[in-house]
Amino acid sequence: MVRSNTRLWMALGGSVALFAAGCADAEEGATAHLDAVSQSVTLADRIARCLQDPRVVSGLVSQDVCAGAGVFFEETFDGNGRTCGSCHPVANNTTIDVRFVTALNDTSPTDPLFVSLQRPELAELETSDLLEDAAILENVDGFIDPAHRFVSRGVNHVLSLSTSIRADSGDGTTNPPAERTGWGGDGSSDGTLRGFLKDAVTQHFPKRLDREPGVDFRLPTAQEEDVALAFQLSLGRQNELDLERVRMFDAEAEDGRQAFMDPNRGRCNVCHHNAGANFQDTGNNRNFDTGTRNLGSPLNPGSFEDIVLADGGFGGRDLPRPDFDSFNSGTPDAFGNGTFNPPPLIEAADTPPFFHNNLQINSRGAQDINDAVNFYASATFKASVAAQELDLRFGAPLDLQPLDAAAIARFLRALNGAFNADIAKQRLNAALVLVDRFANTRADVQQKLMELARVEIDDAIEVMGDLNNPTALYPAALHQLNLARAEIGQGLSTGSAAERRNRIVNAIARVTTARAEFGQNITFVLGQGNLMY
């Protein structure tokens, strides 16, 4: 997310804390209210509430997806006030970055995201990385000495999980896990996305670091796990593209598509088939050691006895001692096998920082997709196990040229912009259905969908570039998106259902015109979860 703090504030309707904490009630966004919601709302209550939700009544969203969104964005599990939405806010592409964390801390320093700064007994729940690099402390290798035996990682977005978590055992990792969760692909102790909820509550929600169920938090019920899973699987895309059929109407982006797929130019398509997260040969998510752990990271390391711990990625849970030598020094300094799982790339341009350790490729400043692509031209990548496997596959090392890297990054920005535009249109179409059926009844839902559509338009504008920049992607589309944004603003300012409807219709037309500028066969099937908040 690269939008300015001002635009971020506008995107959240003046309440950064609302979405960062995952609470759907703007007027009652305080921590005390979150605790009250958790204690008073059972899953049965959530389901009953969803049966009255206009999105469910109109058939836009299923009862389970609606209830799962309530669990995800509102439920604190009797813990420290955090929700899943604390680290996966809907208005920030379901992840956090430095801009978001800084803005939230400036406006709502008592938000539960920062509970480690508020409660002495939780001081070691996080490190300084949360404020400095939007990275969180993870005890991925077990809760033995959790204040020392940890890794610091960026927050995965949770978009398009239905396309990206099926595990590929061909990388030599064990089964379970059957599903890749977290950066190591083993983020869930039972190997499933469904079970990840229990682990997330245990890791991030405790009142004390003792982490005693029933005292420091309550564990989710089986039914809560079911509906939360249904919601998460309905976020983002439900399909993969076919890059062989895709054509970009921007010449450099089209050249980037070709470089992305060409083994002599980019080789990206092998590990990120069709710009997703899956291995080309199997269609499943395969772990790789690309060397990112060996390029300098500013994140705080854990420790074991007198050893400074590196992040060993997959494996290592509950081992008595480090078992992986990450720097070939002769002394194991990590738990795991050095491999990490790829995220999908269609969503990458507006979900920085990149890689498991928020890798600072050039500096500690803001990173963009160009920096991430350029990593694959680095000596670090070329020396990695993954690069060597590709060398064997194609008979020669990759020599990623600067022009090809720039074109690939432009291609990825174009895909991300198209994805943003489609989600914006999905939300506007839903708002149109609701205003047509219910007029001003529950106008708040219509308005929130309009606000979130504007967030996606803002994201598209950011990844495509400023209209005044001669290198911006699709200038005609940018013009239309800005007009759509203005229509939404006017629709939000009116109390008239008829006028709101007119503005929604106009905005949809603008987004549709913009979207036609991108290319051919860029077709996304979108999930119902994008309509929840």
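## Helices H18 and H19

The axes of helix H18 (residues 402–438) and H19 cross at roughly 165 degrees and come within 8 Å of each other. This is a predicted model. Angles over 145 degrees count as roughly antiparallel, so H18 and H19 are roughly antiparallel to each other. The crossing of H18 past H19 is left-handed.

Which residues of H18 meet H19? On the H18 side they are Arg413, Gly417, Asn420, Ile423, Ala424, Arg427, Leu428, Ala430, Ala431, Leu434 and Val435. They meet Val445, Gln446, Leu449, Met450, Leu452, Ala453, Glu456, Ile457, Asp459, Ala460, Val463 and Met464 in H19. By class, this contact of H18 with H19 has 16 nonpolar, three polar and four charged residues.

## H19 on its own

Helix H19 covers residues 443–464. At 1.5 Å a residue, its 22 residues should span 32 Å. The end C-alpha atoms of H19 are 32 Å apart, which agrees.

Glycine 465 follows H19. The phi of glycine 465 is positive, near 110 degrees.

## Valine 90

Valine 90 sits in the loop between helix H7 (84–87) and helix H8 (98–107). Buried means under 20% relative accessible area. Valine 90 has 8%, so it is buried.

How far apart in space are valine 90 and valine 455? Their C-alpha atoms are 9.7 Å apart, while 365 residues separate them in sequence.

## Helices H4 and H6

Two packed helices are described by the angle between their axes and the distance between the axes. Helix H4 (residues 43–51) packs on helix H6 (residues 63–74) at an angle of about 125 degrees. The axes of H4 and H6 are 9 Å apart. H4 and H6 are therefore oblique to each other. Their crossing is right-handed.

H4 contributes Leu43, Arg46, Ile47, Arg49, Cys50 and Leu51 to the contact. H6 contributes Gln63, Cys66, Ala67, Gly70, Val71 and Glu74. The residues of this contact divide into seven nonpolar, two polar and three charged.

## Helix H12 and its cover

Helix H12 (residues 222–233) has twelve residues. At 1.5 Å a residue, H12 should span 16 Å. The end C-alpha atoms of H12 are 17 Å apart, which agrees.

Which residues of H12 are buried? They are Glu224, Glu225, Val227, Ala228, Phe231 and Gln232. What covers these buried residues of H12 includes H4, H6 and helix H11 (193–204).

## Glutamate 254

Glutamate 254 lies in helix H13 (residues 251–261). Its relative accessibility is 12%, so glutamate 254 counts as buried. Setting aside neighbours within four places in sequence, glutamate 254 is in contact with Val246, Arg247 and Met248.

## Proline 343

Proline 343 is placed in the loop between strand S7 (336–339) and helix H15 (369–374). Is proline 343 buried or partly exposed? Its relative accessible area is 29%, so proline 343 is partly exposed.

Beyond its neighbours within four places in sequence, proline 343 is in contact with Trp183, His272, Gly276 and Ala277. Glycine 276 is 67 residues from proline 343 along the chain. The C-alpha atoms of proline 343 and glycine 276 are separated by 7.2 Å.

Terms used. Residues are numbered from 1 along each chain as its sequence is written. This is a predicted model: local features need pLDDT of at least 70, side-chain atom pairs count only at pLDDT 80 or more; totals for chains, interfaces and linings use all residues. Side-chain values use heavy atoms; hydrogens and water are left out. Helices (H or I, at least four residues) and strands (E, at least two) are DSSP runs, numbered from the N terminus. Buried means under 20% relative accessible area, exposed over 50%, partly exposed in between (1.4 Å probe, protein chains only). Contact means heavy atoms within 4.5 Å. The expected span of a helix is 1.5 Å times one less than its number of residues. Axes are lines fitted to C-alpha atoms, for helices over the stretch in contact, and angles run from 0 to 180 degrees between N-to-C directions. Angles under 35 degrees count as roughly parallel, over 145 as roughly antiparallel, 65 to 115 as roughly perpendicular and the rest as oblique. A crossing is left-handed if the near helix is turned anticlockwise from the far one by less than a right angle, and right-handed if clockwise. Ala, Val, Leu, Ile, Met, Phe, Trp, Tyr, Cys and Pro count as nonpolar, Asp, Glu, Lys and Arg as charged, and the others, Gly among them, as polar.
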